[in-house]
Amino acid sequence: MKNIKKGWQREKYSNSLPEVFSSINIPKDAGFWRKLFAFAGPGLMVAVGYMDPGNWATDIAGGAQFGYTLLSVILISNLFAIVLQHLSLKLGIVAERDLAQACRDHFNPTTNFILWVFCEIAIAACDLAEVIGSAIALNLLFGIPLTWGVVITVIDVFLILFLQAKGFRYLESIVAGLIFVILGCFIYEIILSKPDIFPILSSLVPQKEIVTNPSMLYIAIGILGATVMPHNLYLHSSIIQTRNYERTSFGKEAIKFATIDSTASLFLAFFINAAILIVAAATFHTTGNQDIADIHDAHKMLAPILGTTFASIFFAVALLASGQNSTLTGTLAGQIVMEGFLNIRLKPWLRRLITRLIAVIPALIVTIIYGEQGTTDLLVLSQVILSMQLSFAVVPLVMFTGSKLKMGEFVNKPWLQISVWIIAAIIIALNLYLLVETFFGS
């Protein structure tokens, strides 16, 4: 793609995730389905961030308090995510840079350093949600104290290293397997909770009261903030480059297949997020338990209301799978961000250990001092921090993919450019509102 090189200030200094760059072959003369299978994987790894433990708290609270009404918010958030992830994979394929490398090329060192710090804070916040989610799941399933559950999550680091050493396809397969565990658990929960189909379908259309009811609006913005993940935009632009497609103007084909993979995977994430809210609505809202607001409460009440202990067990298994999955992708994003912004290459085990300890230490302190309630509050705070960082990832991405110099013939079409700036403006405005309400609201 020589025609776009002039849009960048300097030559690319190294490949993104060099140890797995271009390591998965794409068959040249194969049919549509074989090629799609070869491209499948990065979308599922990105989809994980859209169903991590941080999303659970907002979905449970939304379903318990307001029934199915906020399903339309999950759908809209997902559509935003589909568009933004398309831009991310397009940047990776066309520019052969991940978003962090693109920022390093475009901005001055001071701006880059600030962006890097914000991004590291977001990854630490995301990792915090995963640590807490996994610890809560271990506590619910095996009665392991939260403190020990937090410590056990450090072992995840070594699991990731082992898997990546085997090859990137192994990592993708584990992630896909865990996603289908979560999916299976929630299909079971939905069958048990017997939700009403017609109210669910009508709730996919936005209702006026979402905006007019302040408490509903607050949770709606929380759902949006928890759904679109900043680190995923860095992650996707990198891991799409693990495919060994032709690095020519035939990149169009790579963009097509990668977008199908990403869109299908994010609809799977939509189904899982919607399922969490539907189960909460059908189980708690309809039985007068509207005050259920966190994971512990939901787990405790599922069995007595639905009449089987399997409901609580499957809920906790899905939570554990969600926490483990998010760990795999969050630590990868940490490596991409550090190498892309700073061009610092640490040994993978050291990089991941640092990322995990940044999350484990505050989680450990809060768990020891405040216990269960403290971890719930920390989970909510982690989502607020993610909301704060989101704009700093979305705006550069929209800028770069809208630049004719940088993207050549693959630049965003005018209708797409207008759409993504509107999406960026909505995300920024809603997240500012969420921050003001969180810190200064009554």
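Biologist: How many salt bridges does a search of the whole structure find?
Modeller: The search finds four salt bridges, where a salt bridge is a side-chain nitrogen of Lys or Arg within 4 Å of a carboxyl oxygen of Asp or Glu. This is a predicted model, in which local features need pLDDT of at least 70 and side-chain atom pairs count only at pLDDT 80 or more, while totals for chains, interfaces and linings use all residues. Residues are numbered from 1 along each chain as its sequence is written, and side-chain values use heavy atoms, with hydrogens and water left out.

Biologist: Which side chain does lysine 35 meet in a salt bridge?
Modeller: Lysine 35 pairs with glutamate 253, at 2.9 Å from N to O. The pair links distant parts of the chain, 218 residues apart, with lysine 35 in helix α1 (residues 32–39) and glutamate 253 in helix α14 (residues 251–283); helices (H or I, at least four residues) and strands (E, at least two) are DSSP runs, numbered from the N terminus.

Biologist: And is lysine 35 buried or exposed?
Modeller: Lysine 35 counts as buried because its relative accessible area is 9%, and buried means under 20%, exposed over 50% and partly exposed in between (1.4 Å probe, protein chains only).

Biologist: Where does arginine 243 lie?
Modeller: Arginine 243 lies in strand β2 (residues 243–244) and glutamate 172 in helix α9, so this pair ties together parts that are 71 residues apart in sequence. Their side chains form a salt bridge at 2.8 Å, N to O, and salt bridges that share partners join Arg169, Glu172 and Arg243 into one network.

Biologist: Switching to the surface, which residues form a nonpolar patch?
Modeller: The patch consists of Leu357, Ile361, Ile365, Ile368, Ile369 and Tyr370, with about 630 Å² of accessible area together, by the Shrake-Rupley method with a 1.4 Å probe, where for residues only the protein chains shown count as cover. Patches are made of residues with over 30% relative accessible area and no salt bridge, joining like charges within 9 Å and nonpolar side chains (Val, Leu, Ile, Met, Phe, Trp, Tyr) within 5 Å.

Biologist: Which helix holds isoleucine 365?
Modeller: Isoleucine 365 lies in helix α17 (residues 348–401), and is partly exposed, with a relative accessible area of 45%.
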